Amino acid sequence: MPWIVGVSGASGTPYAAAVLRALVERGESVDLVVSRASRLTLLDETGLPFRDAHWRDDLRAWLARGADGKPDTFDAFEDHLDAVRHWSAGDLAAGPSSGSYPSKGMLIVPASTACVAGVALGLSKDLLQRAASVTLKEGRKLVVAVRETPLNGQTLRHLVSLDEAGATVLPASPAFYAGATHIQDLVDFVAGRVLDAAGVEHHLYRRWEGELGGGSRGGTT
Ligand SMILES: Cc1cc2nc3c(=O)[nH]c(=O)nc-3n(C[C@H](O)[C@H](O)[C@H](O)COP(=O)(O)O)c2cc1C
């Protein structure tokens, strides 16, 4: 059974890349939904396009890219691309739009405030939001890695609704106790917490071991 990964148009496309790499390296299957707006953030943050007709090539380039912008940091990912199935964001007849389509759950990373509102209100304006509503109604795991600051009352209320509906609200908020020395470490910390919430094993960050001082030692990976 696949994990559905939804990428919405908040800043933070490196978080999505880190989650996707970790899932497939772990042997998980992924159904990928990339919102229309997130193609703009991807272009802005990486210079890369994401086109439905060329999704494999575009995904390969995106996932190979390190958070510092180096293009071939993760090129071994090539071997795992077959584990990913792509669905167009406008395709409301796609598998993940039905509860009878099996999945382990859904990870929205990053989640825009528009996406948070849409899922909280059940708008289903595109496949990403529909798949999230389906995930909730089927009682499956939904992790929402929201990225915005500051947060207004409206978004806070939507986040409470999501929490009450059973979702895990996970602010894309890196911590510094794991000894980050590089931008990729901060990205991997957030990606790792998303996978922790989903119950997927990973080695993306160094866990807290109960002793002060680790944060200044550096070297998370
Ligand atoms: C470069 C860029 C960065 C953005 N960053 C954020 C962000 O961090 N958080 C957010 O909620 N929206 C952000 N937005 C706005 C969303 O993309 C916009 O609300 C969009 O409608 C979200 O649509 P979606 O949820 O369907 O992907 C950003 C937009 C652009 C172009």
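The buried residues of helix α5 are Leu-127, Leu-128, Gln-129, Arg-130, Ala-131, Ala-132, Ser-133, Val-134, Thr-135 and Leu-136, where buried means 20 or more other C-beta atoms within 10 Å of a residue's own, exposed means 12 or fewer, and partly exposed falls in between, with C-beta atoms placed from the backbone. The model is a predicted one, so local features need a pLDDT of at least 70 and side-chain atom pairs count only at pLDDT 80 or more, while totals for chains, interfaces and linings use all residues. Residue numbers start from 1 along each chain as its sequence is written. Helices (H or I, at least four residues) and strands (E, at least two) are DSSP runs, numbered from the N terminus.

With 10 of its 11 residues buried, α5 is mostly covered. What do these buried residues pack against? The partners are β1 (3–7), β2 (30–34), β3 (84–87), β4, α4 and β5, contact here meaning that the C-beta atoms of two residues, placed from the backbone, lie within 7 Å. After α5 comes Gly-139, which has a positive phi near 70°.

Arg-130 sits in α5, and is buried because 23 other C-beta atoms lie within 10 Å. Setting aside neighbours within four places in sequence, Arg-130 touches Leu-92, Ser-97 and Ser-124. Its C-alpha atom is 9.1 Å from that of Gly-118, a residue 12 places away along the chain. Ser-124 itself belongs to the loop between α4 and α5. The phi of Ser-124 is near 50°, a positive value in a residue other than glycine. With 17 other C-beta atoms within 10 Å, Ser-124 counts as partly exposed.

On to the helix pairs. α4 packs with α5 (residues 127–137) at an angle of about 45°, the axes being 9 Å apart; axes are lines fitted to C-alpha atoms, for helices over the stretch in contact, and angles run from 0 to 180 degrees between N-to-C directions. That angle makes α4 oblique to α5, given that angles under 35 degrees count as roughly parallel, over 145 as roughly antiparallel, 65 to 115 as roughly perpendicular and the rest as oblique. On the α4 side the contact is made by Cys-115, Gly-118 and Val-119, and on the α5 side by Leu-128, Gln-129, Ala-132 and Ser-133. By class, the contact of α4 with α5 has four nonpolar residues, three polar and no charged; Ala, Val, Leu, Ile, Met, Phe, Trp, Tyr, Cys and Pro count as nonpolar, Asp, Glu, Lys and Arg as charged, and the others, Gly among them, as polar.

α4 also packs with α6, at an angle of about 50° and with the axes 9 Å apart. α4 is therefore oblique to α6. Here the crossing is left-handed. Thr-113, Val-116, Ala-117, Val-119 and Ala-120 of α4 meet Thr-155, His-158, Leu-159, Ser-161 and Leu-162 of α6.

A shell of 16 residues surrounds it, the closest being Gly-9, Ala-10, Ser-35, Ala-37 and Cys-115; a residue is near a molecule if its C-beta atom, placed from the backbone, lies within 6 Å of it. Two elements give two or more residues to this shell, namely α2 (36–46) and α4 (113–121). The most comes from α2, with five residues. Sorted by class, the shell holds five nonpolar, eight polar and three charged residues.

Strand β4 (residues 105–111) includes Pro-110, which is joined to Val-109 by a cis peptide bond with omega of about -10°. A cis bond also runs from Thr-149 to Pro-150, with omega near -10°. Pro-150 is in the loop between β5 (141–146) and α6 (153–164). Back in β4, Met-106 is found in the strand and is buried, with 30 other C-beta atoms within 10 Å. Leaving aside neighbours within four places in sequence, the contacts of Met-106 are Ile-4, Gly-6, Ala-131, Ala-132, Thr-135 and Leu-142.

Methods. Left-handed = near helix turned anticlockwise from the far one by under 90°.
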